[in-house]
Amino acid sequence: MESGKRAEAGPSAGVSEDKQQREEREMSEKPLADEVCDDHEDDDDDDDDDKKDGAGALAGFVPGPLLSLKEQMEKDKDDDSLRRWKEKLLGCVEEDLNGQMEPEVKFHSIGIISNDLEEVSYPLPLDLNREGLVLFTLKEGSRYQLKLTFSVLHNIVSGLTYSNTVWKAGLKVDQNKGMLGTFAPQREPYVHVLDEETTPSGVLARGIYSANLKFEDDDRRCHMELKYAFEIKKNS
């Protein structure tokens with residue numbers, strides 16, 4: 001806002017042209033990491049928004065080299081106590097390591113927890129023969145949470161995030177984003193419940209919605225993109 005006021009007022013009478021140009025150059029060289037993105041601006045193109053968010057958050061960040069779990073384990077293989085600590089921390093043992101660098105997140109099921117109905121769960125990938133892929137029906141004003149089970153393979157996945165975008169009649173009506181965290185491979189699947197949401201109320205809120213649920217890590221690898229639908233009915 002302050003920079004906008006200066007632009008309207010123009011340079012002070014006693015400021016030379018060279019000094020003004022130098023100040024404008026210094027302002028243009030400020031790091032993008034200090035900027036805050038406004039999620040309420042036009043976000044018709046989700047990919048463009050994600051790229052802008054990533055550019056601001058990662059400006060100046062240089063990630064370290066990606067090492068496979070096998071390489072990480074072998075770095076201290078002569079230290080038994082440290083090796084056992086790594087095995088416990090990473091949730092795996094040496095015979096599970098295959099040297100693959102890229103982590104893989106395999107999603108097993110998606111479910112819904114709601115005060116309207118009993119917990120239901122669907123195996124992934126979804127059955128494409130389901131009519132309209134309508135996963136669940138809720139009453140208006142209902143509170144609900146999505147529940148996922150997944151496994152992490154080959155390497156640690158860092159900064160796993162999700163975005164859930166909802167449309168009605170071709171118009172985007174909602175978008176939620178959140179952080180799941182960092183996960184190491186382990187034999188047992190992870191179970192994660194997303195943040196609670198509330199369905200809208202009113203005549204215009206009723207009907208069928210389409211949604212797109214996407215999971216990415218901090219290297220912007222997409223591990224799953226799930227398209228589904230749900231319905232909101234009158235609270236009678």
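1. Strands are DSSP runs (E, at least two residues) numbered from the N terminus, as are helices (H or I, at least four residues). Two strands count as paired if DSSP finds at least two bridges between them.

2. This is a predicted model, in which local features need pLDDT of at least 70 and side-chain atom pairs count only at pLDDT 80 or more, while totals for chains, interfaces and linings use all residues. Residues are numbered from 1 along each chain as its sequence is written, and side-chain values use heavy atoms, with hydrogens and water left out.

3. An open sheet is formed by 5 strands in the order β3-β10-β9-β5-β6, with mixed pairing. Its edge strands, β3 and β6 (171–183), each pair on one side only. On average, neighbouring strands of this sheet are turned by 25° against each other, direction ignored; axes here are lines fitted to C-alpha atoms (for helices over the stretch in contact), and angles run from 0 to 180 degrees between N-to-C directions.

4. Strand β10 (residues 222–233) pairs with β3 (residues 134–139) in the parallel sense, over 5 bridges. Strand β9 (residues 207–216) runs antiparallel to β10 and is joined to it by 10 bridges.

5. Individual bridges show how β10 is placed. I232 is the bridge partner of L138, and I232 is also the partner of G207. C222, in turn, is the partner of E216.

6. The hairpin of β9 and β10 has 5 residues between the strands, and R220 there takes a positive phi near 65°.
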